[in-house]
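Visitor: I would like a close look at one part of this protein, its charged side chains. Please set out how they are placed and paired.

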Amino acid sequence: MAAEPARERPTRTAEFEKRLAKRYRAERNFRALGLGAIGLSIAALIFLLANMLINGIPGLQRAELAVEIDFAEAGVTGDEVSLTAPSAMQVLELQGLPEVVDLYAERSLGEEGAEEIYKDAWRDVARALAEDPALIYGSATLWLPASSDLASGLNDEGSSEMQALADRLQAEGKLAKNWDMGFFARSDATSPQMAGIWGALKGSILTMLVTFALAFPVGILAALYLEEYAPKNRWTDLIEVSINNLAAVPSIIFGLLGLAVFLTLFPNLRSTPIIGGMTLALMTMPVIVISGRNAIKAVPPSIRDGALAVGASPVQVVFHHVLPLALPGMLTGTIIGMARALGETAPLILIGMRAFVATPPDGFTAPATVLPMQIFLWSDEIDRGFVERTSATIIVLLLFLLLMNGIAIYLRNKFEKTW
C-alpha cells in the first residue's frame with residue numbers, strides 16, 4: 001500500500017493574523033478601560049478626601065485672643081474642691097469672674113480688642129480653673145475665643161476695620177488660630193466659635209443603639225423563620241416580595257411612617273433618639289432580613305444533615321449549627337444597614353430632629369439631633385466659620401463610618417468558621 005504524502009502544516013494567513021491582532025487589541029483596550037475606571041475612582045476619592053481635609057482642618061481650629069489674668073490680684077478665691085464642684089461655675093459667676101475677664105481683656109488687648117472677646121468667654125476661664133486649681137494663686141495667660149466678626153477679619157473677610165484690627169492683634173501675637181479640642185466636647189451654638197459636635201455625636205450614638213436593638217434581633221429572627229421554618233406558599237412569596245420592595249423604598253417614606261405612627265402614639269417624644277431609632281429601624285430591618293437570608297442559604301446542607309443524623313432537633317440545628325456559621329454574613333449586612341442609617345437625614349427631618357439642641361441629650365427620651373442633621377443645619381449658614389465646622393463634622397462622620405466598618409470586619413473574622 002503506497003504511503004500517503006505528508007500533510008503540510010497550515011500557515012497563518014493574512015486574514016487569520018488580522019483577526020488575532022484585533023482580538024489582542026480588544027483585550028488591551030478592555031484592560032486600559034478597567035485601569036482607567038479604577039484610576040478615575042481613586043482620583044475622585046482622593047479629591048473628595050483632600051477637599052474635606054482642606055476645608056475641615058480649619059474647622060478644628062478657632063480664633064482666640066491671649067488675655068493675661070492675675071487671679072490673686074482680682075480677688076478670685078477657691079480651692080481644689082470648690083473649683084471642681086458641679087456648682088463651681090455659679091460660684092465663680094457670683095464672685096464676678098465675667099467682670100474680671102472683661103477688665104483684664106481690656107488691659108491686654110485694649111478697648112477695641114476687649115470688645116471682640118466672646119461674651120461667654122469667662123466660662124472657658126472657669127473650666128481652665130477647674131482643670132488646674134493652682135491658677136487661682138497667681139497669674140496666667142489664657143487663650144479665649146474671639147467674636148465671630150473678629151474671626152471673619154482674621155480670614156480676610158468682613159469689614160475693613162475688623163480686618164485691620166485682626167491684623168494688628170495678630171502682629172502683636174495676641175490673636176491666633178489654635179486647635180479647638182473643645183469642638184468635640186461642646187454642642188450646637190449660635191456662633192461658630194463656640195459650636196461643637198458632642199451633642200450631635202451623642203445623639204447619633206443613642207439613635208444607633210435604639211436602631212440596632214430593634215432591627216438586629218427582629219431582622220435575624222425573621223430571616224431564620226423565612227428560610228428554615230416558613231412553608232413555601234403564596235403568603236411567604238408575598239412576604240418575600242414585600243421585604244425586597246421595602247429595601248428599595250426611599251428613606252423619606254419611612255419618615256412619613258414614623259411621623260404618622262410613632263409620633264401619634266408618643267407625641268411627647270418628638271425629636272428624641274428613641275423615635276429616631278425606631279424610624280431608622282424600620283428602614284434598616286429589610287436590609288438585615290435580606291442579608292441574613294443570603295447568609296443562611298450559604299450554609300451547606302450537609303451541616304444540617306449531619307446535625308440531624310447525630311440526633312439534634314430542628315431548633316438545635318438552627319441555633320447550634322446554622323446560626324453560628326451564618327452569623328458573620330449577618331453581622332456584615334447589619335453593619336452595612338446601620339451605616340446607611342447613620343447617614344440619613346430625610347426621615348429624621350420629618351420626626352422633628354431638625355432642631356437647635358444646645359445641650360447633649362441625657363437619655364433616649366431627651367431632645368437630640370444627629371451628625372448628618374448637624375451637617376445639614378450648618379451647611380445652610382452664611383458664616384464661613386460654620387462652613388468650616390461643617391467640613392470638620394463630615395470628617396468626624398466619615399471616621400465614625402470607618403470605625404463601624406472596622407468593627408464589622410473584626411466581628412466577621414472573629415465568628416467566621418470554615419468547613
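Guide: Lys18, Lys22, Arg25 and Arg28 form a positive surface patch. Patch members have over 30% relative accessible area and no salt bridge, and like charges are joined within 9 Å, whereas nonpolar side chains (Val, Leu, Ile, Met, Phe, Trp, Tyr) are joined within 5 Å. Lys and Arg count as positive and Asp and Glu as negative, with His and the chain ends not counted. The model is a predicted one, in which local features need pLDDT of at least 70 and side-chain atom pairs count only at pLDDT 80 or more, while totals for chains, interfaces and linings use all residues. Residues are numbered from 1 along each chain as its sequence is written, and side-chain values use heavy atoms, leaving out hydrogens and water.

Arg25 has a relative accessible area of 42% and is partly exposed (buried is under 20%, exposed over 50%, partly exposed in between, with a 1.4 Å probe and protein chains only).

Helix α1 also holds Arg31 and Glu27, four residues apart, about one turn of the helix. Their side chains meet in a salt bridge at 3.6 Å, N to O (a side-chain nitrogen of Lys or Arg within 4 Å of a carboxyl oxygen of Asp or Glu). Arg31 is exposed at 54% relative accessibility, and Glu27 is partly exposed at 44%.

A second salt bridge joins the side chains of Asp180 and Arg62 at 3.7 Å, N to O. Because Asp180 lies in the loop between β3 (175-179) and α9 (198-229) and Arg62 in strand β1 (residues 61-70), the pair ties together parts that are 118 residues apart in sequence. Both are buried: Asp180 has a relative accessible area of 2%, and Arg62 has 5%.

The side chains of Glu228 and Arg304 also meet in a salt bridge, at 2.8 Å, N to O. Glu228 belongs to helix α9 and Arg304 to helix α14 (residues 301-309), so this pair ties together parts 76 residues apart in sequence. Glu228 is partly exposed at 24% relative accessibility, whereas Arg304 is buried at 17%.

The structure holds 16 salt bridges.

Note on methods
Accessible areas come from the Shrake-Rupley method with a 1.4 Å probe; for residues, only the protein chains shown count as cover. The place of a charge is taken as NZ of Lys, CZ of Arg, CG of Asp or CD of Glu. Helices (H or I, at least four residues) and strands (E, at least two) are DSSP runs, numbered from the N terminus.
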